[in-house]
Amino acid sequence: MPITLPGPTLGVVGGGQLGRMLAEAAAPLGVEVIVMDPTPDCPAAPVARDQIVADFDDPDGLDELSARVDALTFEIELADPDRLAAAGADHDVPVHPDPGTLETIQDKLVQKEALADAGIPVPEFVAIATADGLERVVEEFGGVMLKAREGGYDGRGNVPVTEPAEAASALSAIGGHAMAEELVPFERELAIMGVKGADGETRTYPVTETLHREEILRESVTPARTDGDVVGRAEAVAEDVLDWLDGRGVYGIETFETPDGEVLVNEIAPRPHNSGHWTIEGARASQFENHVRAVLGWPLGSTDLVSPTVTANVLGDVDESRPATLRHVESVLATPDANVHWYGKAEARPLRKMGHLTLTHMDADSSGRESLLSRARELRDGLTFRDE
């Protein structure tokens, strides 16, 4: 079918920073976006066509959203797969990625079991129900990462356990059904943003190196500072993951590079991901543009690298919640090849992602990327939410 502009309207469950950037990417394509989010005047509201104020799984909200759009997607895993599927079916509106994929990925244990069954390499893992069981697993593995099966993000729901005596308190902190995963002695963490379009077409972005502290992504470096063989393995694993997944859209595929150069899948996000924010400046078509294209069934944009890119996340450097006012932004604006992205959140909270900045450089080889990363950190650390 020929594509004409103005284009269709896209409904997005979730109106956080990802919804905001989806709406920003959709606008040049002639696509309007309506978001559904429980927070009035959510971050996406200023750039979206409209916001429906409702919980992510609210059936009336989903019914209204589906009645007003031509396609549905989500930017948060708290969406309800069954209600998404029902709302789409009631209004004959396609939903992508497939709600069944969302259901599988929402439960980290189910996700890992499905990946293992598909022959995709993953770390050793086991379901945990009791503190006694966790103690035994910690002894067997020599330490584990305990993960809440549902709802964890940005380090929340993840607790490292290195001694059996820590089992009871760790399981209590998780507060529900959990999964224990071996502590992988990785060389680095790698992320691959993949996109699945119409007729099974798939593309991957260049492999990205992600740097975490306290289980929270702080910086990314693209291309990753690793050798070509590892990059090839990461790309092959990502293609296998895309083949396994159902539904169109962008997927964030997080992996570990082991000391012997193997690549193990850590987690998958069925949506644009913080690891792919670099694509706004660093790739021919951003992850957000390609998510819009893919969900609508349009031809995919190029995932080619435009220039080596480093990102640095701007986190809330505060002790308690306060109105969000970011200071000293002029230092970033005055830097050539630097860009700042503000997420529009009303409150700064401790370690909350409030924005990010990028630095690009056409000639940044591996050592050049090191310098670029240092400069990005310096610029980011000069920003603050604290009172002067």
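Which strands each supply at least two residues of the lining of the largest cavity? They are β9 (188–196), β11 (208–213) and β13 (249–257), where strands (E, at least two residues) and helices (H or I, at least four) are DSSP runs numbered from the N terminus.

Before I continue, please note that this is a predicted model, in which local features need pLDDT of at least 70 and side-chain atom pairs count only at pLDDT 80 or more, while totals for chains, interfaces and linings use all residues. Residues are numbered from 1 along each chain as its sequence is written, and side-chain values use heavy atoms, with hydrogens and water left out.

The structure holds 1 cavity of 30 Å³ or more. A cavity is a set of points on a 1 Å grid over the protein atoms alone where a 1.4 Å probe fits but cannot get out, and lining residues have an atom within 4 Å of a point. The lining includes Glu189, Thr210, His212, Glu254 and Phe256. By class, 3 lining residues are nonpolar, 4 polar and 2 charged; Ala, Val, Leu, Ile, Met, Phe, Trp, Tyr, Cys and Pro count as nonpolar, Asp, Glu, Lys and Arg as charged, and the others, Gly among them, as polar.

I turn now to two helices. Helix α6 (residues 131–141) packs with helix α7 (residues 167–174) at an angle of about 120 degrees, their axes being 9 Å apart. Axes are lines fitted to C-alpha atoms, for helices over the stretch in contact, and angles run from 0 to 180 degrees between N-to-C directions. The contact (heavy atoms within 4.5 Å) involves Ala131, Leu134 and Glu135 of α6, together with Ala167, Ala168 and Leu171 of α7.

Methods. On a 1 Å grid over the protein atoms alone, a cavity is a set of points where a 1.4 Å probe fits but cannot get out, and a pocket is an open set with protein on both sides within 12 Å along at least five of seven lines; lining residues have an atom within 4 Å of a point. Grid points are joined across faces, edges and corners, and a volume is the space filled by probe spheres set on the points.
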